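Here is a short report on one protein model.

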Amino acid sequence: MKDAKQPIRLKARWDHHEVPTGVENQRGLLLEIEADERVIAQTKERPPLNLAIVIDRSGSMHHGRLDAAKEAAIGIVNRLKPHDHLSVVIYDDEVDVLVDGQRQGRDTRAATVEMIQSIDTGGCTNLAGGWLRGARCVADVMDREDMKTGHVIMLSDGMANRGETSPEALTRLSADLAARGVTSSCVGIGHNYSPLQLNAIAEAGEGEVHHSSLPEEIIEVVMGELGEVSHLVARNFSVTIQLPYAIKARQLTRYRTTPVDGHDEYFLGNLVGGHQRRLALLVEFPEIESPQALTIKCTANWLDA
């Protein structure tokens, strides 16, 4: 399950350690999974990134929001290494690919910056269309370059009004992509950005949700996150929860779940050094007539990075 080079710790925390007899009851269970941060120190240079920057150019991005997104995107581009692969996708009601999985050498970087600078605001907001096109770009790079992962960064104020807008549907799509190695993070731009779709994509997509209108802050949080993404310790981490008969559990977080041999397997995605993931469950106990010991078994599985 773990070795000296890639230690992974799993802790279980109950809100109460006893269940009363004679009545039905509920208890909260929190599983905390963490990979040792020493793995980061052992890595001298990060591996190549496979990144898509997806920029919202819809009409609601006026009043400086699009300018902040463009400046932040340019700052991210200028911090990439020549071996990194970058895609840039823009969208309003239509979706356009400006850069499709290109390495960022000096000439390519200059052309990328020029294209980003020329972006103007447009019409409605097909947020899902832009995000999924960015995911396809990084997936194409994964296939072409035999890379294991890709990451999509959304720069948007939310406000989706075209294409798929249901948070539940976006959650399912994002979880499916993450299971294939394509993770997603979102930066909500503006003080009144709409979090519904952005939160659904990032939480199920095993990424992060950031909020800022300042380009320099966006650059720092995104590059900090990408530094973590590059230090993978484990891929496709999952936990199987085996409950005693008649005890049920309802997930309070949004990880993808699949029944396996009568038990539930929760897919938490990739783990990076020093990073923690939490799985929260509400465990429902039936009426128990007499005191007894109840055992809930957790089994963790993953692939070496």
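## A buried glutamine in a loop

Gln104 is buried, because its relative accessibility is 0%. (Buried means under 20% relative accessible area, exposed over 50%, and partly exposed in between, with a 1.4 Å probe and protein chains only.) Gln104 sits in the loop between β5 (95-103) and α3 (106-117). Helices (H or I, at least four residues) and strands (E, at least two) are DSSP runs, numbered from the N terminus.

The side chain of Gln104 makes a polar contact with the side chain of Thr112, at 3.4 Å. A polar contact is a pair of N or O atoms within 3.5 Å; within protein, one must be able to donate a hydrogen and the other to accept it, and residues adjacent in sequence count only if both atoms are side-chain atoms. Not counting residues up to four places away in sequence, Gln104 also touches other residues, including Val77, Leu80, Pro82 and Arg109. Contact means heavy atoms within 4.5 Å.

## Basis of the model

This is a predicted model: local features need pLDDT of at least 70, side-chain atom pairs count only at pLDDT 80 or more, and totals for chains, interfaces and linings use all residues. Residues are numbered from 1 along each chain as its sequence is written, and side-chain values use heavy atoms, with hydrogens and water left out.

## A buried glutamine in a helix

Gln197 lies in helix α6 (residues 195-204). Gln197 is buried, with a relative accessible area of 7%. Leaving aside neighbours within four places in sequence, Gln197 is in contact with Leu127, Ala160, Thr165 and Leu170.

## Salt bridges

How many salt bridges does the structure hold? There are eight. A salt bridge is a side-chain nitrogen of Lys or Arg within 4 Å of a carboxyl oxygen of Asp or Glu.

Glu34 pairs with Arg9 (3.9 Å, N to O). This pair links strand β2 (residues 25-35), which holds Glu34, to strand β1 (residues 8-14), which holds Arg9; the two are 25 residues apart. Glu34 is partly exposed at 24%, and Arg9 is partly exposed at 34%.

Glu220 bridges to Arg79, with the closest N and O atoms 2.8 Å apart. Glu220 is in helix α7 (residues 215-229) and Arg79 in the loop between α2 (65-78) and β4 (85-91), so the pair ties together parts 141 residues apart in sequence.

Arg103 and Glu145 meet at 3.5 Å, N to O, in another salt bridge. Arg103 is in strand β5 and Glu145 in helix α4 (residues 127-145), 42 residues apart. Finally, Arg13, Glu32 and Arg278 are linked in a network of salt bridges.
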